[in-house]
Amino acid sequence: MGRRIGYTKTRVSRAETGAQPIRDVAVLRQLADVLGVPPSMFGLADQSPTVPKVSVNL
């Protein structure tokens, strides 16, 4: 699992024990994908927010 998200075994272990939590949203999304769970399991929205495109005619 660590290899799939770019972390060493030691870093994954520290995250699992809470010694060094993962706070990077992109990594948390990858982790959810690797584990096959919804991002909400990690406190994230299930869908990435989309920013509406605004067209301005001057």
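## Basis of the model

Because the structure is predicted, local features need pLDDT of at least 70 and side-chain atom pairs count only at pLDDT 80 or more, while totals for chains, interfaces and linings use all residues. Residues are numbered from 1 along each chain as its sequence is written, and side-chain values use heavy atoms, with hydrogens and water left out.

## Overall fold

The protein has 3 helices and 0 strands, and its elements follow the pattern α-α-α along the sequence; helices (H or I, at least four residues) and strands (E, at least two) are DSSP runs numbered from the N terminus. Of its 58 residues, 19% count as buried, a term that means under 20% relative accessible area, with exposed meaning over 50% and partly exposed in between (1.4 Å probe, protein chains only).

The accessible surface comes to about 4,900 Å², of which 53% belongs to carbon and sulfur atoms, as computed by the Shrake-Rupley method with a 1.4 Å probe. Among contacts (heavy atoms within 4.5 Å) with a separation of 6 or more, 18% are accounted for by residues 24 or more positions apart.

The largest nonpolar core is made up of 6 residues, Ile5, Ile22, Val27, Leu28, Leu31 and Leu44, and its largest share, 3 residues, comes from helix α3 (residues 25-35). Such a core is a set of buried Ala, Val, Leu, Ile, Met, Phe, Trp, Tyr and Cys residues joined through side-chain atoms within 4.5 Å. Within this set, Val27 touches Ile5, Tyr7 and Ile22 when residues up to four places away in sequence are not counted.

The buried residues of α3 are Val27, Leu28, Leu31 and Ala32. They lie on the same side of α3, because they cover an arc of only 140 degrees around the axis, the arc being that of the directions from the helix axis to the C-beta atoms. What covers these buried residues includes α1 (2-5).

After α3 comes Gly36, whose phi is positive, near 70 degrees.

## Two partly exposed residues

Gln20 lies in the loop between α2 (9-17) and α3, and counts as partly exposed because its relative accessibility is 32%. Leaving out residues up to four places away in sequence, Gln20 touches Arg11, Arg14 and Ala15.

Val37 is found in the segment after α3 and, at 28% relative accessibility, also counts as partly exposed. Apart from its neighbours within four places in sequence, Val37 is in contact with Ala32 and Phe42.
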